[in-house]
Amino acid sequence: MLEVIAKFIELQQLEDEILANTRILEESPQRLAESMEGLEAARAERDVLASGLAETRSRIRELELDLLKLKELKEGNRVRITKATDDKSYKAILKEGDVIKQRTSEKEDESLNLMGELERIQEALPAAEGRFQENEAAHRAIKAAVTAAVRRAEEAVASARRHITDILASIASDHPAAAEQYAASSKIHHGKVLAPVSKGTCMACRLRIPPQLFNDLQASQKILLCPSCARIMYWADHPSWASPAPPAEAPPEEPAPKRKKPRRSAGA
Ligand SMILES: [Zn+2]
């Protein structure tokens, strides 16, 4: 039965590999979405400044035209006041002149403020454009890395599945019941099939195994299930497999873009 358990351990490593790569596949859309979000924020910042620049320039041109018209009105007013025939019309023209002066002053103030605003936008825009370009380049790189990671993960999953089928078939040729039990258990426990037992404790659920059961497990004569988590137990400290005991939970694998191939197991 030791030979079967050795194959079970190999199957579990392949299942762990599938789980790690499935996680990469599941996280990929989120990574892309986050990168896209950063890019869109940078684009929005740049676009707000760019449209602000266009609007400010256009308003300044409007004001310049208004000021030209007011200048003409002022000139007309100046000529008319010299031709005023009575006190009443003189005062009316004078009042009109005051209004022109007031409106001119308002337009000049607005124009001056807008010139300041224009300067601020012109200073900020290149930096915003730079940030956008940076985000765009970063997004391209992330997209390429994610695409490559997805392809690698898909290949790794497919390859692991093929290995699992082969190993199960090789177990089934001599121990069909054991192969069936493994396959059924894999479905029930979503790929977390094996429970290493070290020093009398199930590493999957932390149950202390009853002493007699632990003795049976150490004898390694038949397939035994953990009374608590119902996973297939194996004695992790058996001299046949290298100590220390494998961890109950495989650590989550980072989707490192530079990695060529997902490792089968840590430093094995
Ligand atoms: Zn257990």
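Student: Where is the place of His190?

Tutor: His190 lies in the loop between helix 3 and strand 1 (194-198). Helices (H or I, at least four residues) and strands (E, at least two) are DSSP runs, numbered from the N terminus. Residues are numbered from 1 along each chain as its sequence is written. The model is predicted: local features need pLDDT of at least 70 and side-chain atom pairs count only at pLDDT 80 or more, while totals for chains, interfaces and linings use all residues.

Student: What makes the phi of His190 worth a remark?

Tutor: The phi of His190 is near 50°, a positive value in a residue other than glycine. Most residues other than glycine have a negative phi.

Student: How is His189 classed, and why?

Tutor: His189 is in that loop between helix 3 and strand 1. His189 has 17 C-beta neighbours inside 10 Å, so the class is partly exposed. The C-alpha atoms of His189 and Arg231 are separated by 7.6 Å, although these residues are 42 apart along the chain.

Student: Which phi value does Arg206 have, and where is this residue found?

Tutor: Phi of Arg206 is near 70°, positive in a residue other than glycine. Arg206 is in the loop between strand 2 (201-202) and helix 4 (211-219). Because Arg206 has 10 C-beta neighbours inside 10 Å, Arg206 counts as exposed.

Student: What is the pattern of the protein chain, read along the sequence?

Tutor: The pattern is α-α-α-β-β-α-β-β, with four helices and four strands. Of the 268 residues, 20% are buried.

Student: What makes helix 1 roughly antiparallel to helix 2?

Tutor: The axes of helix 1 (residues 2-82) and helix 2 (residues 87-174) come within 3 Å and cross at roughly 165°. That angle makes helix 1 roughly antiparallel to helix 2. Axes are lines fitted to C-alpha atoms, for helices over the stretch in contact, and angles run from 0 to 180 degrees between N-to-C directions. Angles under 35 degrees count as roughly parallel, over 145 as roughly antiparallel, 65 to 115 as roughly perpendicular and the rest as oblique. The residues of this contact divide into 42 nonpolar, 15 polar and 24 charged. Ala, Val, Leu, Ile, Met, Phe, Trp, Tyr, Cys and Pro count as nonpolar, Asp, Glu, Lys and Arg as charged, and the others, Gly among them, as polar.

Student: Why are the buried residues of helix 3 said to line one face?

Tutor: The buried residues of helix 3 are Ala178, Ala179 and Tyr182. Seen down the axis, they fall within an arc of 100°, so they line one face of the helix. The arc is that of the directions from the helix axis to the C-beta atoms. On the other side of helix 3, Pro176, Ala177, Ala184, Lys187 and Ile188 are exposed.

Student: What makes Ala178 buried, and what is Ala178 in contact with?

Tutor: Ala178 has 20 C-beta neighbours inside 10 Å, so Ala178 counts as buried. Leaving aside neighbours within four places in sequence, Ala178 is in contact (C-beta atoms, placed from the backbone, within 7 Å) with Val4, Ile171 and Ile223. What covers the buried residues of helix 3 includes helix 1, helix 2 and strand 4 (232-235).

Student: How do helix 2 and helix 3 cross?

Tutor: Their axes come within 6 Å and cross at roughly 145°. Leu168, Ile171 and Ala172 of helix 2 meet Pro176, Ala178, Ala179, Tyr182 and Ala183 of helix 3. By class, this contact has eight nonpolar, no polar and no charged residues.

Key: A residue is buried if 20 or more other C-beta atoms lie within 10 Å of its own, exposed if 12 or fewer, and partly exposed in between; C-beta atoms are placed from the backbone. Two residues are in contact if their C-beta atoms, placed from the backbone, lie within 7 Å.
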